[in-house]
Amino acid sequence: MTSMATLHGTQPPPAIRACPPLSPATLTRSFSFCTGIENSAPVIAGPDGAPCRIDQMAASGHDTRWREDFRLVRSLGLRCLRYGPPYYRTHLGPGHYDWSFADETFAELSRLDITPIADLCHFGVPDWLGDFQNPDFPHYFAEYADAFARRFPWVWLYTPVNEMLVTAEYSALRGIWNERLTSDRAFVTALSNVVEANIRAGEAICRHCRPWFVQSEATRYYHPHDPDAAARAEFLNGHRFLSLDLNFGRLPTPALVDYLRENGMVQARLDYFIKRAPWSHAIMGTDYYEMGESVVFADGRTSGSNVLGYYGLTRQYHDRYRLPIMHTETNQAQCLNAAGWLERQWANVLRLRQEGYPVIGFTWYSLTDQVDWDIDLRERRGHVTQNGLFDMDRRIRRVGVEYRRIVHAWGGQLVGAERRRT
């Protein structure tokens, strides 16, 4: 990749280069520390019941402070950033785009030698596309991905659709975002459309570069509280893999195949997913939060549980998909000892690498505090969730200081230390 600094004859501002630059050739032989700019933009029901969009880029001030935010990324010694333009404000209609914000921000990322993991769809779609029940979404999203990759051919890391399972669940099963439906049939429709969109977008991107796909998904596990809850826990432990199984061409368990068929997925549609050859350049992106593990009760209720941790869950996901792993999200609220949580997650990552698991990156998400994520964006309250490396005034938090220490201490130690587990 030729940097914009070289093209323009300028140099990026000084920063401690604890992490070496990334390249497609060295990705799986190196280790990348990362953060992200939260760009969720789902539609929810406003106070009057009318649709209301939650735009996290606007809520955090990144819309106007992006140059400052990118400098903060570099100040931590980071060279990798999960980042994408706001999809709903960029894809204005079929074949119609507004690239003004993306042109400026991606040029600056290139100038600073920050490698973006292009996050193209994060929990919401443009108004003209409606929601994830729309069968035309895969076609038009692939069109958008094609246009993006053609405009930014130097970008080579992609997450086409972020957390496909969460997207479908919160939109069509839990009734919170976008279509706000609460049925298994609506969920299967949304899941099918989202996974197809992810696949078709990947195919479009491959026409313009040789990308690596960092397929981030929520990692989960369900523990039965008692024998009466065992069947429900078993179902949920299959359900958690649905998006990745369909995306990577793996047949779900017989019970989950029956579930998909009973809720509208015809055999030809299932065959489309499971009979395709998965991408060769794929990374298993593991998003891990404290609520990722739950105890399941016989009546269907769940309660948070942190038993296996990132170490235990990641082993399960790797054993299923056998892909290189990138830790792509975690955070914790400041009041709950975010710095202590960071230390625990980093210790889990190191343990996995010591045992030969191909973990190639770690991410604290996101750079700054977020807004209303303490209630999963159910309402627009404007409450700042204090889980960033920096606060909303761009003052570094204790967890940011600790992350910077880890990056500087370990950034040059893990390069070339990859060990594959077979």
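User: How much space lies in the largest pocket?
Analyst: About 1300 Å³. Keep in mind that the model is predicted.

User: Which residues are closest to its centre?
Analyst: Tyr170, Arg174, Met291, Gly292 and Asp376. The lining of the largest pocket has 50 residues.

User: How do the lining residues divide into nonpolar, polar and charged?
Analyst: 17 are nonpolar, 19 polar and 14 charged.

User: Which helices and strands each supply at least two residues of that lining?
Analyst: On the helix side, helix 7 (164–172) and helix 9 (230–239). The strands are strand 12 (293–296), strand 13 (302–304) and strand 17 (384–385).

User: And where does the largest share come from?
Analyst: From helix 9, with 4 residues.

User: Switching to the backbone. Which residues does a cis peptide bond join?
Analyst: Tyr365 and Ser366, with omega about 15°. Ser366 sits in the loop between strand 15 (361–364) and strand 16 (370–371).

User: What about phi at Asp372?
Analyst: Positive, about 65°, although Asp372 is not a glycine. Asp372 lies in the loop between strand 16 and strand 17.

User: Is Asp372 buried or exposed?
Analyst: Buried. Its relative accessibility is 2%, and the cut-off for buried is under 20%, so Asp372 counts as buried.

User: What is phi at Leu377?
Analyst: About 60°, so positive in a residue that is not a glycine. Leu377 is also found in the loop between strand 16 and strand 17.

User: Buried or exposed there?
Analyst: Leu377 is buried, with a relative accessible area of 0%.

Note on methods:
Residues numbered from 1 in each chain as written. Predicted model: local features only at pLDDT ≥ 70, side-chain atom pairs only at ≥ 80, totals over all residues. Heavy atoms only, no water. 1 Å grid on protein atoms, 1.4 Å probe; cavity = no way out; pocket = protein on both sides within 12 Å on 5 of 7 lines; lining within 4 Å. Points joined across faces, edges and corners; volume = space filled by probe spheres on them. Nonpolar A, V, L, I, M, F, W, Y, C, P; charged D, E, K, R; others polar. Buried < 20%, exposed > 50% of the residue type's maximum accessible area, 1.4 Å probe, protein only.
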